[in-house]
Amino acid sequence: MLDVRPATDAMTDAIVALLAKFQNPDIDAVRWRRLLTYPWRRPDEAPGFVLCAAERVVGFLGTVHSTLRAAGETHRVCHLAAWITDAAHRTGGAHLMREALGLERTLVNMTPVPALARFLVTQGFRTLEDRAIVFDGARGWCPPWRRSRIVTDADEMAAILDADGQRLLRDHYGYPCVQCVAVRGRSACPVLYTIRPAGGTRTAWLHHAGDLATFLASLPAFARHVARVHGVDAIAVESRMLRGWRPRRFREQLLETPRVYRACGLAAEAISNAYSEIPLLGL
Ligand SMILES: CC(C)(COP(=O)(O)OP(=O)(O)OC[C@H]1O[C@@H](n2cnc3c(N)ncnc32)[C@H](O)[C@@H]1OP(=O)(O)O)[C@@H](O)C(=O)NCCC(=O)NCCS
């Protein structure tokens with residue numbers, strides 16, 4: 001007899017053991033555990049649904065819940081991640097997904113396999129993103145008088161950020177992503193990125209910029225920063241995040257699988273990657 005339950009802390013070890021069956025060499029048990037214990041979790045919201053067979057955990061679907069403020073309104077968002085059933089209980093996975101699809105909030109799947117993306121489209125999901133804009137950070141595209149600086153010291157970042165920026169900083173501290181603040185004049189933009197390949201080249205992938213105008217004005221400083229600290233010249237930003245802006249020279253890179261979402265009154269451009277499995281698992 002199979003039943004679906006909210007994941008509890010007592011189930012964490014069993015869920016992590018199940019997630020090892022993904023056999024992803026880049027994600028060890030410590031990272032999987034972090035997906036279940038993300039710091040912005042509300043005590044009343046489970047980090048996932050669990051499929052149980054006679055008290056044994058045989059399936060899991062992660063739910064990374066967060067609050068997003070956009071255009072003066074507060075939205076609840078849930079990122080669906082790491083859907084799995086053990087081999088003996090295949091055909092039970094649909095029970096887990098059904099629970100998640102019943103959640104009345106914006107649902108996002110940032111990292112679906114193609115079969116899952118196709119399935120979610122049949123469930124009312126639409127493409128959130130299918131491409132990144134990739135450009136060489138060393139080429140100037142902003143007037144040189146727009147001077148900015150990049151801050152990386154944790155105390156200094158906390159001192160210059162507003163409450164939302166401080167929350168972002170705290171929430172992602174210790175996770176496999178990089179944070180900095182782009183400062184230009186009186187504006188401070190929290191920036192979150194990971195370093196990973198794009199078309200075979202190590203690239204700084206932007207996942208969140210709290211204030212796009214400040215980020216764009218600070219691009220030359222950001223490009224210098226990632227070149228100096230990570231030895232990386234290429235920068236990738238998902239198309240929707242740029243809201244129509246394009247660097248002078250760039251190429252478009254299709255994502256392996258489109259990111260998909262089912263919105264509850266939230267515009268696609270407002271959805272960043274920050275409160276998803278991407279920074280939690282270092283994807
Ligand atoms: C994905 C997985 C959890 C689905 O569970 P399951 O018990 O095999 O699936 P079920 O038979 O209960 O139903 C799955 C439904 O989801 C759909 N689906 C979407 N993505 C799927 C996938 N990757 N694999 C299998 N079914 C998938 C099926 O088409 C089916 O819908 P339908 O009944 O309308 O045809 C399971 O196959 C699994 O653990 N796969 C390995 C891990 C994986 O690839 N996870 C997905 C990426 S995060």
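What percentage of the 283 residues in the protein is buried? Buried residues make up 39% of them, where buried describes a residue with 20 or more other C-beta atoms, placed from the backbone, within 10 Å of its own. The structure is a predicted model, in which local features need pLDDT of at least 70 and side-chain atom pairs count only at pLDDT 80 or more, while totals for chains, interfaces and linings use all residues. Residues are numbered from 1 along each chain as its sequence is written.

The fold contains nine helices and 12 strands, taken as DSSP runs (H or I, at least four residues, for helices; E, at least two, for strands) and numbered from the N terminus. With a radius of gyration of 19 Å, close to the 19 Å that the globule rule gives for 283 residues, the protein is as compact as a globular protein of that length; the radius is taken over C-alpha atoms, and the rule is 2.2 Å times the number of residues to the power 0.38. An automatic or database assignment divides the chain into domain 1 (2-104) and domain 2 (131-256), and the centres of these domains, taken over C-alpha atoms, lie 30 Å apart.

Methods:
A residue is buried if 20 or more other C-beta atoms lie within 10 Å of its own, exposed if 12 or fewer, and partly exposed in between; C-beta atoms are placed from the backbone.
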